[in-house]
Every structure is written in structure tokens, then in C-alpha cells.
Amino acid sequence: METLGFDRLAEGLREQADAVAAVVEDVPAGTTVPTCPLWTVKDLVGHLGQAHRWAADIVRTRAAAAFPDPLLAEPGEPPRWPHWLRDGAAELIDAVSEAGASSPLWTPIGPRPAVFWLRRMLAETVVHHADAALTAGKPYEIAADLAEDVISEAMDILSAPNATSLRAALAELRGDGQTLRWHPRDLPAGWRITRTPDGFGWDRSAAGADVTVTGPVRDLMLVLARRLPPGDHRVEVTGDRELLDHWLAATAL
């Protein structure tokens with residue numbers, strides 16, 4: 001598991017929680033989120049604060065916990081949303097710090113260090129920050145190192161031996177050598193995926209692939225998260241487009 005250190009993950013989570021609060025501050029609570037059409041802006045804000053607190057509880061108890069219904073989260077009225085988001089992020093950061101970032105505990109893909117949950121919730125917040133910005137019609141900004149780690153975190157989870165317990169469709173990613181490459185223009189290395197009969201593996205190789213997606217790391221991350229279509233002008237797809245489309249369909253969590 002390649003990842004940023006605890007301090008940067010914690011700083012990133014605080015940054016992203018604040019960013020979500022800022023982009024929705026003047027958006028009506030009942031506005032539908034186009035990229036999550038079953039949710040309103042209030043639901044999205046409620047979900048994030050709820051998810052951070054849920055993960056913090058897992059870290060404190062070291063026990064499995066079913067994910068709560070995001071539609072039952074209550075973030076309060078819009079003026080309270082910045083506090084809801086910041087307090088939830090702070091609760092998770094404190095829980096991981098107190099447990100010890102390397103302390104093993106439960107995750108849905110098997111025992112992992114406590115920092116797994118900080119990284120997982122950072123990725124969740126990064127993607128929902130994009131949802132919030134798209135809803136508000138505001139620019140979406142994210143540091144390259146955070147976007148890079150969100151992609152690597154997704155690769156770590158999707159390639160885990162028991163990842164099909166999260167989504168059965170991941171079994172469709174087994175193959176016989178097909179390759180996909182995500183090539184960021186603004187980083188020295190990208191991600192190369194190789195499908196095998198047992199699942200898939202990935203590395204930071206610059207070798208060629210059957211299909212390559214090229215663009216800024218932020219936009220590659222948004223394509224992987226299905227928040228930006230691969231046909232968008234900000235990215236370039238070369239090679240087997242059907243292979244890419246199959247990957248994106250199978251990895252929707």
C-alpha cells in the first residue's frame with residue numbers, strides 16, 4: 001500500500017472538508033446533486049460528516065460496523081455545515097492519531113492499519129468535493145498529490161484479493177493480459193493495470209498498454225471516479241475504448 005504520510009492525509013482531509021463547506025455555502029439545501037441524483041446538497045453534506053464519524057468509531061472500537069443510511073444523517077441547517085464537516089474530520093484524525101496510524105484493525109477488505117480509514121475518508125471527501133463543486137457551478141481545485149493518492153487508494157482497494165465482496169462485478173476484471181494505463185501529464189509516473197485470471201495487478205510503470213488515458217492527474221482521478229466522461233476534452237483516450245468502458249462500468253462502487 002503506497003500512501004501519503006499521516007500528516008499529509010490529515011491536512012488533506014481538513015482541506016477538503018473546508019472546501020466542501022465553501023462551495024456549498026450559497027447553494028439551497030434541497031438542490032439535487034447531478035452526479036448523485038438521489039441526493040440533495042444537504043444529503044451530501046450529511047453523508048460526509050456521518051462517514052467521518054462512522055470511520056472514527058471503527059478506529060476507536062476496532063470493530064466492524066455497518067455503514068449507516070446517509071439519508072438519515074442530520075447536519076443541521078446550512079450555517080452549521082462547516083462545523084459538521086470540520087468536526088467530523090477532526091474526530092477521525094484524532095481517532096487515528098490516538099490508535100496509532102499503523103495499528104491493525106477491521107476494514108471491509110480485511111485487517112489494515114488504522115491510517116486506512118483516514119486515507120479512505122480523504123478519497124471519499126475528495127470525490128464528493130467534486131460533486132459539490134459541479135452542483136454549485138464552481139471551480140474544482142485539488143492538490144496533485146491528493147489526486148494522485150486517491151487514484152492509488154482506489155487501485156489498492158479494487159485489487160485486494162477479497163474486493164469482490166464489495167462489488168461482485170469486480171470479478172469481471174479478471175482477464176488474460178489486457179492492460180490499461182492512466183498517464184498523468186503533470187506527474188513523473190502513472191498507473192498501469194494488468195488483468196490476469198486471478199484478478200488484476202497494478203504498478204507505476206510507464207510501459208505501453210492496450211488503452212491509455214492521458215490528462216492532468218486531477219482529471220484522470222475524476223474519470224476513474226466516473227465524475228468526468230472519458231470523452232471529455234480534458235483527457236485523451238488512445239487504444240481500446242471498449243476495454244476502458246468495461247473497466248469503468250465494473251469498478252463503480
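Colleague: In which loop is the place of Arg62, and is Arg62 buried, partly exposed or exposed?

Modeller: Bearing in mind that this is a predicted model, we find Arg62 in the loop between helix H2 (41-61) and helix H3 (81-99). Its relative accessible area is 39%, and since buried means under 20% and exposed means over 50%, Arg62 is partly exposed.

Colleague: What is the phi of Arg62 near?

Modeller: Most residues other than glycine have a negative phi. Arg62 is a residue other than glycine, yet its phi has a positive value, near 60°.

Colleague: Which residue with a positive phi follows H6, and how accessible is that residue?

Modeller: The residue that follows H6 is Arg226, with a phi near 60°. Arg226 is found in the loop between helix H6 (217-224) and strand E9 (236-239). Arg226 counts as partly exposed, because its relative accessibility is 34%.

Colleague: How many residues of H6 are buried, and which elements do the buried residues of H6 pack against?

Modeller: Helix H6 is mostly covered, with 7 of its 8 residues buried. The buried residues are Val217, Asp219, Leu220, Met221, Leu222, Val223 and Leu224. These buried residues of H6 pack against H4, helix H5 (144-158), strand E5 (179-184), strand E6 (191-196), strand E8 (211-215) and H7.

Colleague: How do the directions of helix H1 and H3 relate to each other?

Modeller: The axes of helix H1 (residues 6-23) and H3 come within 8 Å, and they cross at roughly 170°. Because an angle over 145 degrees counts as roughly antiparallel, H1 is roughly antiparallel to H3.

Colleague: Which residues meet where H1 is in contact with H3, and how do they divide by class?

Modeller: On the H1 side, Phe6, Ala10, Leu13, Arg14, Ala17, Asp18, Val20 and Ala21 take part, and in H3 they meet Pro82, Leu85, Arg86, Ala89, Leu92, Ile93, Val96 and Ser97. The residues of this contact of H1 with H3 divide into 12 nonpolar, 1 polar and 3 charged.

Colleague: How are H2 and helix H4 arranged, and what are the classes of the residues in their contact?

Modeller: H2 and helix H4 (residues 115-136) have their axes 11 Å apart and pack at an angle of about 175°, which makes H2 roughly antiparallel to H4. Residues of H2 including Leu44, Leu48, Trp54 and Ile58 meet residues of H4, among them Trp117, Met121, His128 and Ala132. By class, the contact of H2 with H4 has 11 nonpolar, 5 polar and 2 charged residues.

Colleague: Is Gly88 buried or exposed, and which residues does Gly88 touch?

Modeller: Gly88, whose place is in helix H3, has a relative accessible area of 0%, so Gly88 is buried. The C-alpha atoms of Gly88 and Leu48 are separated by 8.1 Å, although the two residues are 40 residues apart along the chain. If residues up to four places away in sequence are not counted, Gly88 touches His52 and Arg53.

Colleague: Which ring does Arg53 lie over, and which ring does the charged end of Arg204 sit over?

Modeller: Arg53 lies over the face of Trp84, at 3.9 Å from the ring centre. The charged end of Arg204 sits 4.1 Å from the centre of another ring, that of Trp191.

Colleague: How many aromatic pairs does the structure hold, and why is the pair of Phe116 and Trp117 described as it is?

Modeller: The structure holds 5 aromatic pairs. A pair of aromatic rings is described by the distance of the centres and the angle of the planes. For Phe116 and Trp117 the centres are 5.2 Å apart and the planes are at 85°, so the pair is edge-to-face.

Note on methods: Residues are numbered from 1 along each chain as its sequence is written. This is a predicted model: local features need pLDDT of at least 70, side-chain atom pairs count only at pLDDT 80 or more; totals for chains, interfaces and linings use all residues. Side-chain values use heavy atoms; hydrogens and water are left out. Helices (H or I, at least four residues) and strands (E, at least two) are DSSP runs, numbered from the N terminus. Buried means under 20% relative accessible area, exposed over 50%, partly exposed in between (1.4 Å probe, protein chains only). Rings of Phe, Tyr and Trp (its six-membered ring) pair if their centres lie within 6.5 Å; planes under 30 degrees apart count as stacked, over 60 as edge-to-face and the rest as tilted. A charge sits over a ring if NZ of Lys or CZ of Arg is within 6 Å of the ring centre and within 35 degrees of the ring normal. Axes are lines fitted to C-alpha atoms, for helices over the stretch in contact, and angles run from 0 to 180 degrees between N-to-C directions. Angles under 35 degrees count as roughly parallel, over 145 as roughly antiparallel, 65 to 115 as roughly perpendicular and the rest as oblique. Contact means heavy atoms within 4.5 Å. Ala, Val, Leu, Ile, Met, Phe, Trp, Tyr, Cys and Pro count as nonpolar, Asp, Glu, Lys and Arg as charged, and the others, Gly among them, as polar.
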